[in-house]
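This report describes the arrangement of the chains, selected helices and some local backbone features of the structure shown below.

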There are 2 protein chains.
Amino acid sequence: MAVDRVRRSRDAVQRVTMDDVAAAAGVSRALVSLVMRGSERPSAASRAAVLAAAERLGYRRNLAASRLASLRTMTIGLLLDDLHNPWYAELADGAHDTAEKAGYHLLLATGLRSAAVESQAVDTFLASQVDAILVAGCRLPLERLESVGAEVPVVSAGRALSGAMLGSVSADDAEGARLAVRHLHALGHRRIAHVDGGKGAGAATRRAGYVSAMRSAGLADHVQVIPGDFTEKAGARAAERTLGRPDRPTAYFTANDLVAVGVIDAADRRGLRVPDDVSVVGYDNTALAGLGHIDLTTVAQPNAEMGRVAVEMLLGALDGRPLVHRAMRPRLVVRGTTGSP
Amino acid sequence: MAVDRVRRSRDAVQRVTMDDVAAAAGVSRALVSLVMRGSERPSAASRAAVLAAAERLGYRRNLAASRLASLRTMTIGLLLDDLHNPWYAELADGAHDTAEKAGYHLLLATGLRSAAVESQAVDTFLASQVDAILVAGCRLPLERLESVGAEVPVVSAGRALSGAMLGSVSADDAEGARLAVRHLHALGHRRIAHVDGGKGAGAATRRAGYVSAMRSAGLADHVQVIPGDFTEKAGARAAERTLGRPDRPTAYFTANDLVAVGVIDAADRRGLRVPDDVSVVGYDNTALAGLGHIDLTTVAQPNAEMGRVAVEMLLGALDGRPLVHRAMRPRLVVRGTTGSP
DNA sequence: GTGAAAGCGCTAACAA
DNA sequence: TTGTTAGCGCTTTCAC
């Protein structure tokens, strides 16, 4: 029997080990290991004996030991750029679901919207020997991701990636931007501004899509990109800086729903009505946008589905299948924040 | 030199181990270990040699091995009940901050608003040998938490806990409820309904505080508790079920901001104006409440601060100090969703 | 300040 | 079907 000390003490040792269970059940440790891992091989009788002994002793498997010995962790690291953005919660739901079904754990980490923090989180993932990594809205440079991808399968959600060792699943953000601009243009808007996502994932593509759509619509002269960063604050700031001007935009297409809400806020505070005085289109169709009180016109991506697909791709890679880019179709969800100028 | 195979292959072995680094630097493995853990003992020269060799070989410490050998993981498990609720993001920010500063990692997990999922997450924490556990908005029964608390320090955030082996940090929810009811009563409301949080953390206390405050205000006859569960949907459902009645509530005090937003939504859809036709008070003062467009009157708790305090308490416990209950003062933030009936 | 050796608890190959 | 054994990579005394 292993030393019976409380784990939290300085020289702690795991209270009950496999050896204890084996001894109590009158079998070998290897047999206990098999039972614990749910193997079919042990006889029903010995399985029952082992399980009973484990239960009685309060045995719990030591994952650190198991991981060290087996060299696999059955764990997927999931890096979420921003816990405050509901998009990540929705994506995580899908990912969690799929991973769990395949018997994998999810190791969550947040990047706090900072490439430096993300980089550190990825290091922790690698040190923790995760079997695969899913980065959502990741801000890391491609080279960094590629070098990580050389060690474990990496899939990016929300940001398209090209690279042999990397997979990605994202909606076609350029197309999404186009949908938004066309919608606004069709309503009669010409001064359509874009509040972008700065260095955030997908920001560059959405921005480029906006610019290209504006040009196609013959609105090249009205292209106006206001720097932002995927937060409400950024949206509010962007709107405050521009709503006061005589030639203020009549419509804003924003990098995501959070930014859109910030713009609406600022408009509200200025006494401008949405959509009568100013129209707003968001991006992501998070739960936020669907709230009746906000009722935001936005570009939808299949959020949870993207999490599911990303995990499936990783599981596939673990089975030797190649990583690819999966493009999802964005679609416009027209709600109450857009109207004719 | 260890076998040079790619980690992801079936019979993978860690590419570069401490032995490799030691050999390359011309020192012993123990010395490398000391350097890697940032000890002061090795000489500057050998430290530099080790670091250079590690860099050159692309060495990365194997946390599984390190944890197994050291019997501590420098990791705190943080269980968040619901990623969709911004309250948890705010709490996690504070917790992350404090943990990081103390050199601890955070192991995040989500409970998906389900006691069963939470229970499993806690098992994973224990199996992962986390040094301590912080549960936020936890739904587990007290007995379960106590038995976990017997193994590692456990602190609950957002739900007051009594138990020798358990700590907690929460605002005084009964007092918070009282603040809300008094505010509404002072505005002239009598039919004040409460949409509760069901089995969620803090729900019972907020409910009890509401009932007691109603009685104190002489409104015992108007006590009306509508079952909910801390989501927008629950709020909307609760409002839909009650707003149509002739004696409908003139004010709703809700279990949290999400529920409040749901109530506002439902009122909106019914064509009722907030606060002219119906007043709403939320709880938590999440970023959501502060959005100008929502502008929710709510009971504030120091969200990030609670995360900080909780982690500090855990770190203290790891140093032998006792776990306690820390009650934070709630305060009412009056915004635009409350007015006279 | 440095190195040798003995594990940490578990897995997996192999032998019985 | 079961038991034996040799590690997985790292930490940690304890001599030197």
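Against which helices do the buried residues of H1(A) pack? In this predicted model, they pack against helix H2 (29-36) and helix H3 (44-57) of chain A.

Helix H1 (residues 18-25) of chain A has as its buried residues Met18(A), Asp20(A), Val21(A) and Ala25(A). These residues cover an arc of only 160° around the axis, which puts them on the same side of H1(A). Just after H1(A), the backbone of Gly26(A) adopts a positive phi of about 70°.

In helix H7 (residues 142-149) of chain A, the buried residues are Leu145(A), Val148(A) and Gly149(A). Viewed down the axis of H7(A), they fall within an arc of 100°, so they line one face of the helix. The packing partners of the buried residues of H7(A) are helix H6 (115-127), strand S3 (132-136), strand S4 (154-157) and strand S5 (166-171) of chain A.

## Relation and contact of the two chains

Two copies of a chain are related by a rotation about an axis and a shift along it. Here, chain B is superposed on chain A by a rotation of 180° with 0.1 Å of shift along the axis, at an RMSD of 0.1 Å. That is the relation of a two-fold axis.

The contact takes 42 residues from chain A and 42 residues from chain B. On the side of chain B that touches chain A, at least two residues each are supplied by helix H4 (63-70), helix H5 (86-101), strand S2 (105-110), helix H6 (115-127) and helix H11 (257-269) of chain B. By class, this side of chain B has 22 nonpolar, ten polar and ten charged residues. Of the interface residues of chain B, 100% are also interface residues in chain A, so the copies meet through the same surface.

## Surface near DNA strand D

DNA strand D is surrounded by 28 residues, the closest being Ala30(A), Met18(B), Ala65(B), Ser66(B) and Ala69(B). Two or more residues of this surface come from each of H2 and helix H4 (63-70) of chain A, and from each of helix H2 (29-36) and H4 of chain B. H4(B) gives the largest share, five residues. The residues of the surface divide into 14 nonpolar, nine polar and five charged.

## Domains and a buried glycine

The domain assignment divides chain A into domain 1 (2-69), domain 2 (73-171 + 303-328) and domain 3 (173-302). Between domain 1 and domain 3 of chain A, the C-alpha centres lie 57 Å apart.

Gly197(A) is located in the loop between strand S6 (192-195) and helix H9 (203-216) of chain A. Is Gly197(A) buried or exposed? Because it has 27 C-beta neighbours inside 10 Å, Gly197(A) counts as buried. Beyond its neighbours within four places in sequence, the contacts of Gly197(A) include Arg206(A), Asp229(A), Phe230(A) and Asn256(A).

## Backbone exceptions

Most residues other than glycine have a negative phi, and most peptide bonds are trans. Met74(A), which is not a glycine, has a positive phi of about 55°; Met74(A) lies in the loop between H4 and strand S1 (75-80) of chain A and is partly exposed. Asp295(B), also not a glycine, has a positive phi of about 55° and is partly exposed, with 18 other C-beta atoms within 10 Å.

A cis peptide bond joins Val274(A) to Pro275(A), with omega about 10°. In chain B, the bond from Val274(B) to Pro275(B) is cis, with omega near 5°.

Definitions and conventions:
Residues are numbered from 1 along each chain as its sequence is written. Chains are lettered from A and ligands numbered from 1 in the order in which they are written. This is a predicted model: local features need pLDDT of at least 70, side-chain atom pairs count only at pLDDT 80 or more; totals for chains, interfaces and linings use all residues. Copies are superposed by least squares on the C-alpha atoms of residues with pLDDT of at least 70 in both. Two residues are in contact if their C-beta atoms, placed from the backbone, lie within 7 Å. A residue is buried if 20 or more other C-beta atoms lie within 10 Å of its own, exposed if 12 or fewer, and partly exposed in between; C-beta atoms are placed from the backbone. Helices (H or I, at least four residues) and strands (E, at least two) are DSSP runs, numbered from the N terminus. The arc is that of the directions from the helix axis to the C-beta atoms. Ala, Val, Leu, Ile, Met, Phe, Trp, Tyr, Cys and Pro count as nonpolar, Asp, Glu, Lys and Arg as charged, and the others, Gly among them, as polar. Domain bounds come from an automatic or database domain assignment. A residue is near a molecule or strand if its C-beta atom, placed from the backbone, lies within 6 Å of it.
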